[in-house]
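Subject: Handover of a structure and its findings

Dear colleague,

Please find below the structure that I am handing over to you. I would be grateful if you could read the notes under it with the structure open.

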Amino acid sequence: MAEPKRNPSSTDPSSKDPGNTTPDSPKTDKIIEQSIVEEMKASYLDYSMSVIVSRALPDVRDGLKPSQRRILVVLNDLGLTPNARYRKSAKIAGDTTGNYHPHGESIVYPTMVKLAQDFNMRYRLVDGQGNFGSIDGDPPAQMRYTEARMTKVTQAMLEDLNKGTVTYTPNYDGTKLEPTVLPSAFPNLICNGADGIAVGMATKIPPHNLGEVVDALVSMVDRGNTWKGTALYNTLRKQREEKEVIPQTLTETPEDLLESYISRSDPDKETRLEEIRAQLSVSDKTGTEEKPDQEGPVTLYPQFESDISFQDLMTFIPGPDFPTAAAIYDQKEILNAYSTGRGRILCRAKASIEENRQGKYQIIVTEIPYQVNKAHLIEKIAELVKNKRIEGISDLRDESNREGIRVVIDIKKGAQPKTVLNKLYKYTEMQKAFNANMIALVNGQPRMLNLKQILEHFLSHRITVVTRRFEFEISQAKYRAHILEGLKIALDHLDEVIKTIRESKNEDDARTNLITKFELTEVQAQAILDLQLRRLAALERQKIEDEYKAILARIDELELLLSSPDNILATVKADLITLKESFGDERKTKVYKGKVSDIAEEDLVAAETTFITLSNSGYIKRMPPSTYKVQNRGGKGIVGATTKEDDFIAHAAACNTHDKIVFFTNKGRAFETRAFEIPEFGRTAKGIPIVNLVQMEQDELVTALLTRNKEGFSADTALDIDGDEGAKAKPAVTYKYLFMATKFGTVKKTELSEFDAIRSSGLISIKLDAGDELKWVKPTTGGNQVMLVSKLGRSIKFDERSVRPTGRNTRGVRGIAFKKDDDEIISMDIVRNDNDVLLTISENGCGKKTALSKYPLQGRAGQGVFTFRVTEKTGNLVVAIITDTQPKEIVLISRGGNVIRQNTEQIPTLTRQTSGVRLMKMHKGDSVAALAVME
């Protein structure tokens, strides 16, 4: 931050004489003004890039973070091959920290532990002995107790490390060199995946099956390289070799790849390096900058690019292959992740429903999603059971052992195992999404990569490694051939060579004389001087000849391989095939092409019969039908609901828990909810206000209630409750209209399609006159007969075709003309068969059945005929429904909340003008409120 300026004053000597300064005054010419904002930006960017490159993100070539790579390098330094004895983890962690990774053993050891865990790594890179933790989250033993060595796969990653195939850099204290990347014949990044959180970015790459990845890579190689650039490696190598008198061997630990193409004795080495760099294009394989006079980019080694499509890749790699197996879904989402580098891959535990010896069902979980802690999963299930989020579980056990995972969930008798399993998928990590975010370092820069790019980068890396391996081997072979040529000259002139050496004063003089007399190089002359006498025997001489021929043949072979990138690719392909033969295994994770069926709310609720009651003031609840036992006619019933004062049960319906419940209000509006969304209460509970479920107004009351399943609206509330798979709505009839009736006798019908999408705020179903209310709604076929019944015992039966269909927001037409002004409609029902009966029940519990054949078909808007003799003893009619003659049970509910369940066989069939018999004995002040029929 800039220093604040001083205000000159008359007392300050410096204000009068600029040259007058005291020893304590600041030297303003040495102060650099810098904005703290810019300084913070620059410092934070440096820090974030350091974290990204040096710690958190893997390199696209070997798929390793620096800490992981350094652990494997230490295993190699210590000679801990798969066949070597184990060494203490403390030794490995100590050497890693001391030599390469200065962040402490508390960082190194957990990293090494993860590399040894078979539930974290698809292909383990460390072979651990001892306690290395568990899938339950148990911590590993202290590093002084555990031991480790490398696995065979790790050997494949370190192979050719000592052949100058990769560059090296000084370690943190400059005492050693460490590789910047491993040669890695094993495609570690895509096979083992990666996890890392950097500053401002993170990576999450899923693991895959090695056999499938190799098949995809081989297919890409077989298609050929579509890269159009130029590689300079062969030209540069030959230029170097032309200038060499003595063949140059290559260093095992180069700090720059260009070192291989500049003679170490070249006085203009730096100039030559700059010339080569000037020829190369700027390329990071994600964007190539070509020079104007070039056709395609110029690189040191061939890069690999393929025209293979992502769909073709997925024929070999259908999806990730997690070490914990389980199953993944939705090929489209997997394709999206592979093509963009980002995607949501849904993973599900493997669970089966089995029946034990006691005949009870169990859910057996044998595979869980990747990176799920099994102990935490079990704790979560137990917590959900305790909090009653999941019901139907009686016991929970973890029977896992060294053979694999086995979690046993016992199901209660009567509960539906599939419903419980769906809830487990819904509420626990038995179903978990793997959010792929495939970011890796490309030339030291973080890049979002798709699957194809990752594979291309790996093949480009392998081309570089194989090329440099061949260059290293050919340089060694030519150097050896050069020595053997000198030895052959010595053997061909053996006597003269011996004489020359004997006549020389010392070794240096002998070397000089040999070089001068036989035109040898210094290296050849030294080899002759080092030649042992036993090599002068005939057989030993022949060995030198044979070795020379073999070396020349190997040089020709290597020259042929290096002459064409296609030959290099063929070697890369052969190495991949060998890798698959050595380490390939069967896929663990099962891939389903389709989407996992979304767990809808109904999947979490058993499909079973339920009984719904709604009070006049709007309290609703759901109960199992078994709540009520069948009683004889005339009983008092049991308490079915506790209602508040002056409230009573107004509506009741038997339906399936998966059905939709459509409510019609007195204001002519329609609302909808699912049956299972209505809370289940005990027999005596009053329920909850319906406004918790639908958006009704304060003075709005539900006056009609219909059930609707997948097949459409149900004509009545009767359901078959004896089926093995729960309740099934009836009848199997195709309905076209909803027929409505109001309190004052107005009727209308509207097509069902008008109610297909009922908004949460409701739909207008009928336009009402002042003071009128919508009371009844029934589905019809278009050719039904409609029956209206009034509270004073009048009824009318007419053909619905006399009422033309109209839209939702319309008034209806007159259905019945009342004989008395105080009369009103108490029931509307649909006539399905003249053999059916009309069941009528009065306020005081008197009821009867009357054959529909006794009711004449009349014209709409007539006064109707008698259907029930209303007296002071019976009270006005309150319930009238049409039902068939088959025996069935009815549930009769009083305003006081008493409920009685009885058989219709006990109700007599009487004529129209009678009053019926006592069906339910009323308490003083109580009266019948509603009725539901169950078959």
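The structure is a predicted model, in which local features need pLDDT of at least 70 and side-chain atom pairs count only at pLDDT 80 or more, while totals for chains, interfaces and linings use all residues. Residues are numbered from 1 along each chain as its sequence is written, and side-chain values use heavy atoms, with hydrogens and water left out.

**Cavities**

There are 3 cavities of 30 Å³ or more in the structure. A cavity is a set of points, on a 1 Å grid over the protein atoms alone, where a 1.4 Å probe fits but cannot get out, and its lining residues have an atom within 4 Å of a point. Grid points are joined across faces, edges and corners, and the volume is the space filled by probe spheres set on the points.

Two or more lining residues come from each of helix H5 (105-116), helix H7 (188-192) and strand S6 (194-197). Helices (H or I, at least four residues) and strands (E, at least two) are DSSP runs, numbered from the N terminus. Sorted by class, this lining has 8 nonpolar, 7 polar and 3 charged residues. Here Ala, Val, Leu, Ile, Met, Phe, Trp, Tyr, Cys and Pro count as nonpolar, Asp, Glu, Lys and Arg as charged, and the others, Gly among them, as polar.

The second largest cavity holds about 50 Å³ of space. Val 60, Arg 61, Pro 187, Asn 188, Leu 189, Ile 190, Ile 454, Leu 455 and Phe 458 line the second largest cavity. Helix H7 and helix H15 (451-492) each supply at least two of its lining residues. The lining of the second largest cavity has 7 nonpolar, 1 polar and 1 charged residues.

**Salt bridges**

A search of the whole structure returns 54 salt bridges, a salt bridge being a side-chain nitrogen of Lys or Arg within 4 Å of a carboxyl oxygen of Asp or Glu. For the residues discussed from here on, buried means under 20% relative accessible area, exposed over 50%, and partly exposed in between (1.4 Å probe, protein chains only).

Arg 124 is partly exposed, with 31% relative accessibility, whereas Asp 127 is buried, at 15%.

Lys 163 forms a salt bridge with Asp 160, at 3.8 Å from N to O. Lys 163 is partly exposed, with a relative accessible area of 23%, while Asp 160 counts as buried at 10%. These two residues belong to a network of salt bridges that also links Arg 462, Arg 469, Glu 473, Arg 554, Glu 557 and Asp 575.

**A surface patch**

Ile 36, Val 37 and Met 40 make up a nonpolar surface patch with about 300 Å² of accessible area together. Patches are made of residues with over 30% relative accessible area and no salt bridge, where like charges are joined within 9 Å and nonpolar side chains (Val, Leu, Ile, Met, Phe, Trp, Tyr) within 5 Å. Accessible areas come from the Shrake-Rupley method with a 1.4 Å probe, and for residues only the protein chains shown count as cover. Val 37 is placed in helix H2 (residues 36-56) and is partly exposed, at 47% relative accessibility.

**Residues in loops**

Lys 388 has a phi near 65 degrees, a positive value in a residue other than glycine. Lys 388 sits in the loop between helix H13 (374-386) and strand S16 (393-398), and Lys 388 is exposed, with a relative accessible area of 62%.

Gly 296 is found in the loop between strand S10 (288-289) and strand S11 (298-299). Gly 296 is buried, at 9% relative accessible area.

With kind regards

How values were computed
1 Å grid on protein atoms, 1.4 Å probe; cavity = no way out; pocket = protein on both sides within 12 Å on 5 of 7 lines; lining within 4 Å.
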